[in-house]
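Subject: Structure for your review

Hello,

Here is the structure I said I would pass on. My notes on chain B follow below it.

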Amino acid sequence: MKPPAVFDFQAEVEETLKRIQSQKGVQGIIIVNSEGIPVKSTLDNQSTVQYSALIHQLVMKARSTLRDIDPQNDLTFLRVRSKKNEIMIAPDKDYFLIVIQNPSA
Amino acid sequence: MASRRMSTIHKLPGQKLSRSIKDDDDAWDGTDGLDDSFHSKSAADHHHHHHCHHHHHQLDLSEAELKEEVTRVLNANNPHAPKNLVRYSFKERFYKPVTAVDHLAVHFALDGNLLHKDSDEARRLSIFQLPTGLVPVETKVEDHAETPTTPVEDGAESEETGDEDKPHRTSSKRRKREAKITNQFNFSERAGQTRNNPSRERSCQTEPPPRITFSGTANQWEIYDAYFQKLQKQDKIEKKKKTTPEKKENFEVRKKSLLDTGNEEFAKVGRVAVIVERIVIQNTMDDIAQDFKYFEDASDEFRDQEGTLLPLWTFQYEKARHLSVTALCWNNKYQDLFAVGLGSYDFGKQEGGMLLFFSLKNSAFPEYIYSTASGILCLDIHPQLSYLVAVGFYDGCVAVYNLKEETVHPVYKSTASTGKHTDPVWQVRWQNDDMDNNHMFCSVSSDGRVVAWTLVKNELMSSDIIRLSVKGAPSDGSDGSQLTVISRGTSLDFHKQIDYLFLVGTEEGKIYKCSKTYSSQFLETYDAHRMPVDTVKWNHFHPKIFISCSSDWNVKIWDHTVNTPMFTFDLGAPIGDVCWAPYSSTIFAAVTIDRKVHVFDLSINKFEGICHQIVVAKKTRLTHIEFNPIHPIIIVGDDRGTVTSLKLSPNLRKKPKSKKGQELPKGSEAEVLKMDRLLSLLREPELD
């Protein structure tokens, strides 16, 4: 899909993140850069650091797996559904976004 | 001192003997003395003094002390050898007394001249006595080595020794004479050694080179990435060679990048955020998504032939709440994307408009948002180039938006000078590219013109296709002249297969069949309705059938060769819009102002619809309806700026059943056949 047509990037992204946060059941959003360091988060510090470190590894592993099988392929997103909630990870070249949601809440 | 004293004692040997006898008659030790004690010496002196009687420096000893026995031992120890040598032991880390002291004293050494005849030396010397012919090579070399070192000894050969440059001559001369034996004993080698330069070690140490540990992995995809990047670089270089960059462009690009550097991170996150937003929404609206995909209303089997509509997502945008949905269009390429044009039908209240694009994947927020000054009344997405959108406005302008461009403004807009309409534009439709491969579209407006617009480079060029002028009835006025009345066009549709054929619906309720080639005459006129014709649409499959609807509560189906409608349906309320289904030639749907959606299937029921359902809340009117090209859903727009999506139940999607043993013809052919059968049924009674 083509990128959306509103061109103040910063505001646009902020707005999108706000909308996500306001959706039903969303517990937190974390933006992590390519080195695994959290850039922005709506959770507390300790959880943020924990999530970002662990999920970074998971994403790297998943991506490496996919690309080993077919180098032209790439990971679009990863959803980990657990008993209590769902962690959605959308990786990008330089950043990835983690959203934790409890869909039944 | 002691030795001197001892020597004095030596000089007087007799005295010694006498002394010892005198001292001790019983024991004669004969201790002589190299290690005379002071005591004994003093005793001798004492004796002396006995003879002399007067000596001042004599030790006074008592009788008992005089009689004391002093033991003297004679041994072969070297008196000069140290008695208490101490050496530092590195092993035990302290000074240890050396117990074994060497007592060997060399009194005399003399070097002798005699050689044992069997010893090596003697043998070597004897070789020199041999005749010249048998002189072995080594000795010659030795000779050589030795001759220059004996300049003093051999005065006779001094000339030759200096002659080192001609070794052969010297050697030959050597041979004639007897081989000289170097004197081993008093042979003194006079060697001169130049002063050796003291060797100094000079080293310098550089700083250790900085080290970093580098590690990498070689995976399939890393290799692929590397190649890909290289390819991209090559492409870039090629492109740079081909295109000459415009300075202006560069400046703009730079400007943008300046803005971006602050927001770079967020810009990149933007793309990802969009995806995540969709995921999150999918989660919250999971049941709707499931319904959309899988739900099939089982109760349809019991409902005879009627069907229902299942509401799915509703699409809203807050800023558009006060506007009505005036146009809907699905995107052909991305079938989950649709465009919504918003404006107002109310003449008095024109508040600007919006163009929104929604995706089924994200019902909370539009994908693209464009704000316009004037209300939008119609829009059309190009069937092949799905990023081009043509829009008609209330103020008579038309514009083309390019979704790929990152601007909020249309790429083309008609102005008064380029021939914009003077009245609201009610319908736009894309056409095939013209002969110059320029894109073009047509528009119809209340000013009675059907205009074709061509996208030439940077502007829109217009050309009238036809003027909807009708020769009116002769007036009752005095002149008796005929008036040409301009009909106001309200809808437009082009034939799916025949390019030049199109239909125009007017405000007077007439439908004109026109051709692009005839600009002044209509091919046919149909007296369709008593009120403005809101929509005309050709059937997707059958080439002859079209449908029209109007605010006079009627929906009519026509065969364009016949002047009267094939079917007429009265829906009991003013109709907003009507639309054929893309999967069947006999199914169509209509929306009315009383919030109902009506679905008809002519092959099932020719007189009544198979579904009439209220889909929106009270006090909202439905304005438009569109079928999705592939999914079994319809979208319905209302006057509150909301678009509701509904799923069609199975009864509404019936396809013709094949009789046993008969081959099923292809989709479109079957549809055409179906329609033909219908029409033939209709016509037979007519013929009769």
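This is a predicted model: local features need pLDDT of at least 70, side-chain atom pairs count only at pLDDT 80 or more; totals for chains, interfaces and linings use all residues.

Two strands are said to pair if DSSP finds at least two bridges between them.

Chain B as a whole

Chain B contains 12 helices and 32 strands. Of its 688 residues, 40% are buried. Among the contacts in chain B with a separation of 6 or more, 49% are between residues 24 or more positions apart. The accessible surface of chain B is about 42,600 Å², and carbon and sulfur atoms hold 53% of that area.

The part I looked at in detail is strand β28 of chain B, residues 596-601. Is this strand enclosed or open? Strand β28(B) is largely enclosed by the rest of the structure, because 5 of its 6 residues are buried; buried here means under 20% relative accessible area.

On one side of the pairing list is strand β27 of chain B (residues 587-592), which runs antiparallel to β28(B) and is joined to it by 5 bridges. Within this pair, Ala590(B) has His598(B) in β28(B) as its bridge partner. The two strands form a hairpin with 3 residues between them, and Arg595(B) in that hairpin has a positive phi near 70 degrees.

Strand β29 of chain B (residues 611-614) also pairs with β28(B) in the antiparallel sense, over 4 bridges.

Regards

Key:
Residues are numbered from 1 along each chain as its sequence is written. Chains are lettered from A and ligands numbered from 1 in the order in which they are written. Side-chain values use heavy atoms; hydrogens and water are left out. Buried means under 20% relative accessible area, exposed over 50%, partly exposed in between (1.4 Å probe, protein chains only). Contact means heavy atoms within 4.5 Å. Accessible areas come from the Shrake-Rupley method with a 1.4 Å probe; for residues, only the protein chains shown count as cover.
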